[in-house]
Amino acid sequence: MTMSAVWYLRRLSRMGPREVGGRVGDAARRRRWRSARPNCPGVTGARFTAVLPADALAQVPPDATKRLVAEADRLMAGHAEFFGVEREDLIDPDWWLDPKTGRRAPWGYAFDVPYRNEDAVGDIKQIWEPSRHQYLTVLAAAYALTGHERYAERVAEHLRSWWAANPPLRGVHWISGIELGIRLLSWVWIRRLLDGWQGVGELFEHNPVALNQIWHHQRWLAAFPSRGSSANNHVIAEAAGQFAAACAFGWFPTSARWRADALRSLERHLHANTFESGLNRELATEYHGLVLELGLAAVAEADAARVPIPASVRLVLLRMTDALAAVVDDRLRPPRQGDADDGHGLVLDGAGTDRWGSLLATGDAVFGRLAWWPTVTGTDVRTPLLAALIRPYAHDGTVPAVPRPADRPGHFADAGMTILRGPEGIWCRCDGGPHGFLSIAAHAHADALSVEVRHDGVDVLADPGTFCYHGQPEWRQYFRSTLGHNTLELDGADQSVSGGPFLWTRQARSRVLFADTSGEQVTRWWAEHHGYEPSVHRRRVDLDVQSQELKVHDEVRGPRRAVRLAFHLGPAIAVDLVGNWAMLTWTREGEDRFAVLDLPGQLRWQAHRGESEPPLGWYSPGFGRKEPSTTLIGTGFADSSEGFTTVLRFRG
C-alpha cells in the first residue's frame with residue numbers, strides 16, 4: 001500500500017506552522033546527508049562503567065532464570081516468532097528479509113526506501129522487529145545468569161553481522177527513530193549483561209565499527225526527532241534510547257550535549273503523553289506499557305551513571321504505575337483499548353513471563369506498592385536488575401512527596417475511562433474519553449462509548465484488538481472501526497473519520513455525564529458522544545453487584561437513522577443465539593461458566609464468525625495474529641422515541 005497525494009494533503013492539514021517548518025528543515029537535512037556522511041570522531045580510553053551491582057544477578061528468581069534460558073536455547077537453535085510468523089533462520093539472519101511475503105527491502109539511501117509500500121519492501125514490522133535486538137538482550141541475559149559463553153558468542157556474531165549489513169544511513173533500518181532508540185537501549189543492556197565475558201571490550205568500546213554505529217545512531221536521533229502531531233510514544237523511545245546511550249556510552253565529544261537534550265525531551269514528552277491521572281494520553285494501553293518500560297529504563301541509566309534527573313520524571317512514572325495497578329482485572333490483564341503492536345521497551349525475560357505483572361513488580365521495588373494494589377505472584381528477570389540500578393523512591397527531599405490514591409481508583413475523568421467491578425472477577429471498562437492523542441490520534445480506534453467486559457479474566461464482551469498496521473487496509477479499517485467495537489454504529493459510518501491507517505481527520509467528541517464506581521449495590525456510568533451530528537448517542541451502564549447483572553442502555557437523540565449494535569464475544573465464548581436471546585458458555589480452569597445476553601428486541605440479531613468479505617467476527621490476541629470469534633450484530637432503526645436495552649446476566 002502506497003500513500004497517495006490525497007493522504008499527504010490530509011496529513012499536512014493536521015500540522016501546525018511550527019511542525020511544518022520543522023519538517024521542511026528535516027527534508028533539507030536529509031538531502032545534505034545524502035552526500036555528507038561524516039566519520040565518527042576518534043575515541044581513546046573508552047571504558048564501560050554502568051555495570052550491574054555485584055549481587056544483582058543473585059536476586060533473579062530460579063524459575064525466571066529457567067524460563068529465560070529455555071527461550072535463549074530456542075533462539076540459539078534459530079527459532080523465533082515475530083507477530084505470528086515463525087522464523088527458523090535466526091542462526092544466520094537476513095536482516096532485510098520479510099519472511100511473511102518473502103520480499104527483501106531494497107538497498108540504497110535510507111530516506112529513499114519506500115518503507116510504507118509492502119509490494120516494494122515487504123511487511124516493514126517483520127523486517128524491523130528482529131533489528132530492535134531485543135532477542136539479543138535475552139541471549140545476553142542468559143550468558144549473565146549462566147556464564148555459558150555460547151550465548152555471548154552468538155550475540156557478538158549477530159551484532160557484527162548487523163553492523164556490516166547496515167552501515168550508517170544505508171537501508172531500511174535507518175528510517176524510523178523509534179527503531180534506532182530502542183536498538184540503542186538494547187545495545188546498552190547487551191554491553192552490561194556481557195560485562196563478564198572476555199570479548200566484550202573488543203565487541204564494543206575497542207571496536208571502531210561499534211563506535212561508529214553508536215555515534216551515528218545518536219547523531220541521527222539528535223537530528224530527526226518526532227515532531228508535533230507525531231510526538232507520541234515514538235519521541236519517548238527516541239529520547240530514552242538517546243539518553244541511555246549518552247549515559248552508558250558517553251565516549252564522544254557530543255555525549256554531554258546529547259544527554260542533556262535527550263533528558264529535556266524525555267521530561268517534556270513524558271508529561272505531554274501522560275494524563276494527570278497517570279494514564280497514557282494515546283488511550284492505547286499497550287503504549288502505556290511501552291512508555292512506562294522506556295521511562296523506567298531511562299531512570300535506571302541515569303542512576304547507574306549518577307546523572308541527576310528532574311524529580312518530575314520519577315513522579316510521572318509513579319503515577320503511571322499506580323494507574324496501571326488500578327485498571328488491571330483480577331488476572332492482571334489491562335484494557336485492550338486502542339492500537340497494540342506488542343512493542344516492548346526492554347526485554348530480559350523468556351516466554352511465559354507476564355508483562356503487566358513484571359511492570360507492577362518493578363513498580364513495587366522502585367516506588368512501593370499501595371495496600372489496594374493487586375497481588376503479583378509471578379516472577380521475572382527484569383525487575384531485580386532494574387531495581388538494582390534505580391535509586392528507590394523515597395521522601396528524602398530529592399523527590400517531593402505527592403499524594404497517592406488511598407483507595408483503588410475506578411474513574412479516570414481526564415482519560416474518560418471508568419472501570420466497574422463486581423464479584424467473581426466481573427470487570428467492565430467503559431470508554432467516554434477523548435478520541436486519541438494529538439491532531440492525528442494515530443493509535444486511536446473509533447470506539448466511543450464502547451464497553452469491554454470480563455469474568456475472572458476471560459473476555460466475555462471483548463475489544464477485538466488491532467491485528468495489523470500496514471499492507472492490509474481492509475483489516476486495518478475493520479479492527480479500528482466503530483462496528484469493530486462493542487458500541488453503536490449509525491448509517492454504516494464510523495463515529496470518527498479516518499484519513500489513513502494512522503490518521504483521523506474528524507474525531508468524535510465524548511463526555512462522561514456521570515460515574516459512580518463506589519456503590520455497594522450498583523455501580524453506574526453514563527456518557528454521550530457527538531460523532532454522528534446532528535444525532536447524539538448516549539449510553540448508560542449499570543452493574544448490579546448483588547445480582548451480577550450488567551445493563552447497557554443506548555439512546556439516539558436526533559432524526560431516525562439506520563443502526564447496527566455490535567457485541568463482540570471473546571474467543572473462549574460459545575454462543576447459542578435464539579431470536580434476541582443468547583446463551584454464553586465457556587470454561588475457566590476446568591469449571592463451566594454461563595451467562596445470558598438479553599438483547600434489544602427492536603433489532604434483528606445475527607451471529608457472525610470468521611467472515612472475510614467484509615471482515616467481521618474476529619479477535620486479535622496479538623499483533624499479526626487473528627482468530628475467529630463470534631460477533632452479534634443487531635440491525636434496525638433508531639430515533640428519539642425509544643432506546644435499546646441489553647442485559648448481561650452471569651450464572652455460575
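The legends below describe close-up views of a predicted model.

Local features need pLDDT of at least 70 and side-chain atom pairs count only at pLDDT 80 or more, while totals for chains, interfaces and linings use all residues. Residues are numbered from 1 along each chain as its sequence is written, and side-chain values use heavy atoms, with hydrogens and water left out.

**View 1. Helix H3 crosses helix H6.**
H3 covers residues 62-76 and H6 covers residues 134-146. Helices (H or I, at least four residues) and strands (E, at least two) are DSSP runs, numbered from the N terminus. The two axes come within 9 Å and cross at roughly 125 degrees. Axes are lines fitted to C-alpha atoms, for helices over the stretch in contact, and angles run from 0 to 180 degrees between N-to-C directions. The angle makes H3 oblique to H6. Angles under 35 degrees count as roughly parallel, over 145 as roughly antiparallel, 65 to 115 as roughly perpendicular, and the rest as oblique. H3 passes H6 in a left-handed crossing: the near helix is turned anticlockwise from the far one by less than a right angle, whereas clockwise would be right-handed. From H3, the contact (heavy atoms within 4.5 Å) takes in Thr65, Leu68, Val69, Glu71, Ala72, Leu75 and Met76. H6 supplies Tyr135, Val138, Leu139, Ala141, Ala142, Leu145 and Thr146. By class, there are 11 nonpolar, 2 polar and 1 charged residues in this contact. Ala, Val, Leu, Ile, Met, Phe, Trp, Tyr, Cys and Pro count as nonpolar, Asp, Glu, Lys and Arg as charged, and the others, Gly among them, as polar.

**View 2. Helix H8 meets helix H13.**
The axes of H8 and H13 come within 12 Å and cross at roughly 45 degrees. That makes H8 oblique to H13. The crossing is left-handed. Ile182, Leu185, Val188, Trp189 and Arg192 of H8 touch Leu294, Ala297, Glu301 and Ala304 of H13. These residues divide into 7 nonpolar, no polar and 2 charged.

**View 3. Helix H11 runs beside helix H13.**
Here the axes come within 9 Å and cross at roughly 20 degrees. H11 and H13 are therefore roughly parallel to each other. Their crossing is left-handed. On the H11 side stand Asn233, Ile236, Ala237, Ala240, Phe243, Ala244, Cys247 and Ala248. They meet Tyr287, Leu290, Val291, Leu294, Ala298, Glu301, Ala302 and Ala305 in H13. The contact has 14 nonpolar, 1 polar and 1 charged residues.

**View 4. Helix H10 is mostly covered.**
H10 holds 16 residues, 208-223. At 1.5 Å a residue it should span 22 Å, and its end C-alpha atoms are 22 Å apart, which agrees. The expected span is 1.5 Å times one less than the number of residues. Of the 16 residues, 12 are buried. Buried means under 20% relative accessible area, exposed over 50%, and partly exposed in between (1.4 Å probe, protein chains only). Among the buried residues are Trp215, His216, His217 and Trp220. The buried residues of H10 pack against H2 (17-35), H7 (149-165), H8, H9, H11 (233-248) and H12 (255-272).

**View 5. Helix H15 is mostly covered.**
The 13 residues of H15, 355-367, should span 18 Å at 1.5 Å a residue; the end C-alpha atoms are 18 Å apart, in agreement. Buried residues number 11 of 13, including Arg355, Trp356 and Phe367. The buried residues pack against H13 (285-305), H14 (311-327) and H16 (382-389).

**View 6. Glycine 199 sits in a loop.**
This loop runs between H8 (177-193) and H9 (200-203). Glycine 199 counts as buried, at 15% relative accessibility. Alanine 156 is 43 residues away in sequence and 8.6 Å away in space, C-alpha to C-alpha.

**View 7. Two residues have positive phi.**
Most residues other than glycine have a negative phi, and most peptide bonds are trans. Alanine 441 has a positive phi near 45 degrees. It lies in the loop between strands E5 (426-431) and E6 (451-455), and is buried, with a relative accessible area of 1%. Glutamine 548 has a positive phi of about 55 degrees. Its place is the loop between E13 and E14 (549-557). At 18% relative accessibility, glutamine 548 counts as buried.

Proline 534 is in the loop between E12 (522-529) and E13 (536-544). Proline 614 lies in the loop between E20 (611-612) and E21 (615-616).
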